[in-house]
Amino acid sequence: MLNVSGLKEGFVLDHIRAGKSMSIYHYLGLDKLDCQVAIIKNARSNKMGRKDIIKIECSIDVLDLDVLGYLDHNITINIIKDEKIVEKKTLKLPKKITNVIHCKNPRCITSIEQELPHVFVLTDEKREIYRCMYCEEQYKK
Amino acid sequence: MRHLISPLDFTVEELTELLDLANDIERNPEKYAHKCEGKQLATLFYEPSTRTRLSFESAMNRLGGKVIGFATADSSSAAKGESVSDTIRIVSCYADICAMRHPKEGAATVAALKSKIPVINAGDGGHQHPTQTLTDLLTIRSLKGRLDHITIGLCGDLKFGRTVHSLINALVRYEDVKFVLISPPELRVPSYIREEVLNGFDFQEVTDLEDVMPQLDILYMTRVQKERFFNEDDYIRMKDCYILDKAKMKLAKEDMLVLHPLPRVNEISVEVDDDPRAAYFKQVQYGVYVRMALILKLLELA
């Protein structure tokens, strides 16, 4: 198994569905951050068979991880400070997601209006339905 | 400050108050003739809609206010590429209230976020058209005396017809309303209306208008809109599906009402116009009263 204690401060995102780590890397905007990121693909897992792990060395208030709840709420977030796990977070579906997913409705105002934030609102928690705040079109993954 | 973006922005109680005010305007127009003196309404129409625009302008004029605005996008700054957010910020400096029609869905929401004056959504693409819904509700309540305990048939283009979607959304809030959805299979109401709005309510979907005529208290006819089709052949095949004529009216209740958001193309035969049950021109009149009431409410003058 891989050791997480190598991090001084940051996050370990565990139990990512195998193969999904790269898309999470992009959704979180990690490509734009100037910090150490380790992506571990297809790690052995007793629970899941195979899983992906992302380790991010950064200040723990830099990243907004609520969006992970939308992407895959089975992910476990370990928050590391002074080389120790200080918190283990499980995820909930966020009520609102801003600028992570984009409205695909060609008739939506977001398709023409300059620099309008793309905001989606959770309208049905049970069925995990998000709708564009403007045109109310349902987002389809 | 309040806006009107969706027909559900008002609670049932607020709606009752608004419709009461509209009925009072209908009875005592002179009492309201000067209420908006010194106020300006901006009509921002990025997409032509003569009837809706004139209705707003007539409403403001009858309240003693003034109107500024544009009637098509190409005569406005939008043709130069100005965003809705910028336009509304600027119009906020000129006018006290605005009515906006825009071809893109959600445009009025964007305007409301940046506006310093009340925004009335006068139609945003195929999305919402709340003042049409208010008009429909006022017409039904004024002529039927109630909004609950009715069976309403909605006929024609139920897929793209936003007035239909808005009206369903508004009417599910009243007790014992039955919906009969009459359309060709291609133009059924979208699944989200069936699953999220009508779920748990009394509704049926049929393709035959004649069969269901006798049970209706209200028949809401809609136009099969050419501009919502991508394909001319599909449009021509669909548009003659449901034509209301004298023969079909014979099957209906004595006190049934026929409503239509207008313009009509050929879905209601002209011979029906003189039938006392034809309420679609009265509906236009109610549209002015309800817009007058709305302007007064949003400007906090009543």
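Predicted model: local features only at pLDDT ≥ 70, side-chain atom pairs only at ≥ 80, totals over all residues.
Analyst: Residues are numbered from 1 along each chain as its sequence is written, while chains are lettered from A and ligands numbered from 1 in the order in which they are written.

User: What makes a residue of chain B count as buried, and what percentage does?

Analyst: Buried takes 20 or more other C-beta atoms within 10 Å of the residue's own; 12 or fewer is exposed, in between is partly exposed, and C-beta atoms are placed from the backbone. In chain B, 45% of the 302 residues count as buried.

User: How do you know what counts as a helix or strand in chain B, and how many are there?

Analyst: They're DSSP runs numbered from the N terminus: H or I with at least four residues for helices, E with at least two for strands. Chain B gets 12 helices and 9 strands.

User: What span is expected for α12(B), and what does it reach?

Analyst: The expected span is 1.5 Å times one less than the number of residues. Helix α12 (residues 280-298) of chain B has 19 residues and reaches 26 Å from first C-alpha to last, close to the expected 27 Å. Its buried residues include Tyr286(B), Val290(B) and Leu294(B). After α12(B) comes Glu300(B), with a positive phi near 55°.

User: Why are β7 and β9 of chain B said to stand at the edges?

Analyst: Two strands pair if DSSP finds at least two bridges between them. The open sheet runs β7-β6-β5-β8-β9 in chain B with parallel pairing; β7 (203-206) and β9 (257-259) each have a single partner strand, so one side of each is left without a neighbour in the sheet.

User: In which sense do the strands β1, β2 and β3 of chain A pair?

Analyst: Antiparallel: β1 (residues 9-17) and β3 (residues 49-57) of chain A share 6 bridges, and β2 (residues 36-45) of chain A has 8 with β3(A). One bridge partner of this kind is Ile53(A), for Ile40(A). With 3 residues between them, β2(A) and β3(A) form a hairpin.

User: What makes residues of chain B count as touching chain A, and how many do?

Analyst: Contact means C-beta atoms, placed from the backbone, within 7 Å. By that test, 13 residues of chain B are in contact with 15 of chain A. On the chain B side, α4 (84-94) and α5 (107-114) are the elements giving two or more residues, and α5(B) has the largest share, 3 residues.

User: How do those chain B residues divide by type?

Analyst: They split into 4 nonpolar, 7 polar and 2 charged. Nonpolar covers Ala, Val, Leu, Ile, Met, Phe, Trp, Tyr, Cys and Pro; charged covers Asp, Glu, Lys and Arg; the others, Gly among them, are polar.

Definitions and conventions. Contact = placed C-beta atoms within 7 Å.
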